[in-house]
Amino acid sequence: MTTEIFEINYLDWNNALEILNKAYHAGLFALIIGPKGTGKTTLVRKFASELKKELYSVNFSLRTRESHLVGSKTLEKGQISFVEGILVKSMRQGGLLYLDELNAAEADVLLRLDEALDDRRQIILKEAEGQIINANNDWSVIATINPLSHVGTKELPPQLLSRFPIRLRLEYPPEDIELEIVQRHTTVDKSRIDDMKRAIKLAKNLREAAAVEELYYSPSLRESIAFAKLLNAGSNAKQAAEIVYANAYDQWGQVEYQKVMDMITSIFVD
Amino acid sequence: MSTSSQALGPDYTHMRNDVLLDIAIFLSRRWSYNPNTVIILTRDRMPLAKIDKNQITLPFLNYYLGTSFQQYRQWRVGLWYESMRMHYSTKVLSYEHAFGFLLNTIETKRVEILGLQIWEGMMKELIFNEGMSWFARPLLNSVYGKTKIIEAFSQYFLTGYLKGELYGNDFEKVKKASSFAHDIVHDAVKNNYHTEWIERHISTLIKMLGLDALTSVPIVAPKTRIAGLGMNQSDLVKQIEKLVRRNTKSTDPDRTSRQIIEGSDLLHEFETLLKESKKTENKGYESLENLGLSVPEIMDIDPSPIYDADLIRKVKAKFRDWKTGWIERHEESGEEFDAESYTEMLPKNFLTDLKLSIKTRVAIVLDHSSSIEEVELQYKRATVALCEALNYLGIEFAVYAFSTESGRVKCWIIKPPKLKWSATGPRRLAQIRASGGTPLAEIYGLLQAIAKSFKPDIMVTLTDGEPSDFEAVREMVVSYRKMGIHMVALGLGRNLNDAISIGHNLKYLTYERSLAVSRLEDIPQKVIYLLRN
């Protein structure tokens, strides 16, 4: 659960906020599909802060259990009580529930979620003597999924997909927009703009290689921002590129690292 | 090899073609922004892009002059130029006639200018390549007739100099034509015109040079050109210094020239590739000849017909959960207590997460007898998809294939156990022609030594029919089983009935399990399910 106390830096380059807004007011749940590091979470945080709504976030993994969502029983001072999970809390409070990387969850977790997301907007807590929780009218849900090519992702079951009739695709932005996003996060000196543009081109190229599984890792916008910060700290562009982009590939062997280094050598001038 | 003198010294290291192929595929796809680019390695042929086929043909390293590091650097520049053509040109004509030669030459300049706008870091390597190519270019005094004019134009237009002498009228002709060609390139770059626009100006150029479109141009490899000419360190230094002064704004041309000759940016890459080649040699191929196995070595083969990206994607998607999945298991002790099991009085009431993985080692034997000829393509596609999926799941595996060549049974090594599956695998499989019978016992005999060192848990034989040596196969299968290897046979049938009868036949060969498929695209799934069980 997060309450935003500072300005969230999000450049809405493809009108995603407007679509989310329309979906929210029409009472429809939205699904954002896009590779990691494209700003999905920042978009949702920005949207929640604009609506001035409390954001209840859960990040799914293969080890997320039903109890994390719904809640579990505890034993305290000889009394058994039920501690509500994030799904139940957000339903009661009418907050914005953010289901991050939903397609990394296991089937049984998704099944439980499905129950709450259907038109009745209610869930029966078998864990708490069959209590029925009805969602507050203001309750809304946004989920994100990574494309199937990403490690740890599964296909979202069709019935769950149908609970999110608004689907937004968030791709990596075009190079000029990416530059603008980087500049929103950190000031890039005019004399280093060309180096920054080369880094963005490199990142784009590496993402394309990862998309066809020729590389094991796809750099995100975070790497572009980190590169800019290294430039600001006085690093040489080629060295910064090696640190931010190439070194990560060493874990898959020297040849993988050298392939990326070759790209860096071909793009950057000493 | 960190100093320039060492870089020019003798070099006995050896780069394996499969390692070269791997880096070439990666670089060309990134440089050309074309994820479908295929690389074909051919002996003694100049680099050439076939744009409509997404193909780049490259020579082996020894096509170029110099030490193996210098050869690698020139080879890499050759790859870069062809990748740029792939990205910016729409056609490449034959170099053997004046029209095609001139179009390609002008395109070389255009794609170089456009390419350097993105790949600025290539500048130094292009200078090095030009310095080296000076040695390879023919001396004009030794070329005659129209060929001399064409060669002079190519030298003057691309580099601004002439090697040797060209007199009076001919020199003027070449200068004028070269200036005209530069104007065309300039206009094309400025206005974003493509190959077709340039092509329209080639006939003017031909007239200016006093040629005709079909004047033939002899193509000579650099090695042939150097015959009788010496190349030494000081010549190269002089040549590079000249180019640095002309083509760069370097404030310290001597230092820049030294850096270019050393090529330290690429040295580490080259050494890594050499190490990888050595690893490849040590791991997979030692004394193969002694074992009676053969390695399919042809590299000028296009593996794309047997590389079915759709099928591969489908198979991978099917097993994605196996790669990433976790399963919950109830145990007697642990950290997470499951109240439900406890209230139901079950003995195991703790939950533990277990990561799914397949630890089995597998050897696959592929039948390439003449009877699979009809379905050869589908069969190869399915086996490539199987290998891709096994690789994706991180399973240790080896692949062998057998066929008959000139009356002799050959057992081919497609992927040795310790090496990772790479672009070489499909290439090797693609060159094996289905022929001959099914001498399974002989093949098992050949593979016995390898089986003893690799110790696969399962050996899966994919075959489409009865082996020619029934009793001998039974004996061999028993001897493998004695080594603790589970022997499984997968029969390939044309249809369901066929598959069932093959399955029955295989049963009598004392395999522990025999399965049959009638749809070849089911092979990957069948084999992988086998491993999980």
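Leaving aside its neighbours within four places in sequence, which residues is B:Ile184 in contact with?

Mentor: This is a predicted model, in which local features need pLDDT of at least 70 and side-chain atom pairs count only at pLDDT 80 or more, while totals for chains, interfaces and linings use all residues. Residues are numbered from 1 along each chain as its sequence is written, chains are lettered from A and ligands numbered from 1 in the order in which they are written.

Once neighbours within four places in sequence are left aside, B:Ile184 is in contact with B:Ile106, B:Ile198 and B:His201. Two residues are in contact if their C-beta atoms, placed from the backbone, lie within 7 Å. For B:His201, which is 17 residues from B:Ile184 along the chain, the C-alpha atoms of the pair are separated by 7.9 Å.

B:Ile184 belongs to helix α7 of chain B, residues 168–191. Helices (H or I, at least four residues) and strands (E, at least two) are DSSP runs, numbered from the N terminus. B:Ile184 counts as buried because it has 20 C-beta neighbours inside 10 Å. The cut-offs are these: buried means 20 or more other C-beta atoms within 10 Å of the residue's own, exposed means 12 or fewer, and partly exposed is in between, with C-beta atoms placed from the backbone.

Now the wider setting. A nonpolar core is a set of buried Ala, Val, Leu, Ile, Met, Phe, Trp, Tyr and Cys residues joined through C-beta atoms within 7 Å. The largest nonpolar core has 76 residues, of which A:Leu202, A:Ala241, A:Tyr245, A:Val260 and A:Ile264 touch the most other members. Helix α3 of chain B (residues 68–88) gives the largest share of this core, 10 residues. Apart from that core lies another, of 65 residues, with B:Ile306, B:Ile312, B:Tyr379 and B:Ile528 among them.

The two chains also touch. Their contact takes 26 residues from chain B and 25 residues from chain A. On the side of chain B that touches chain A, α2 (17–32), α13 (264–284) and α16 (320–324) of chain B each supply at least two residues. Of the elements there, α13(B) gives the most, with 6 residues. The residues of this side of chain B divide into 12 nonpolar, 5 polar and 9 charged. In this count Ala, Val, Leu, Ile, Met, Phe, Trp, Tyr, Cys and Pro are nonpolar, Asp, Glu, Lys and Arg are charged, and the others, Gly among them, are polar.
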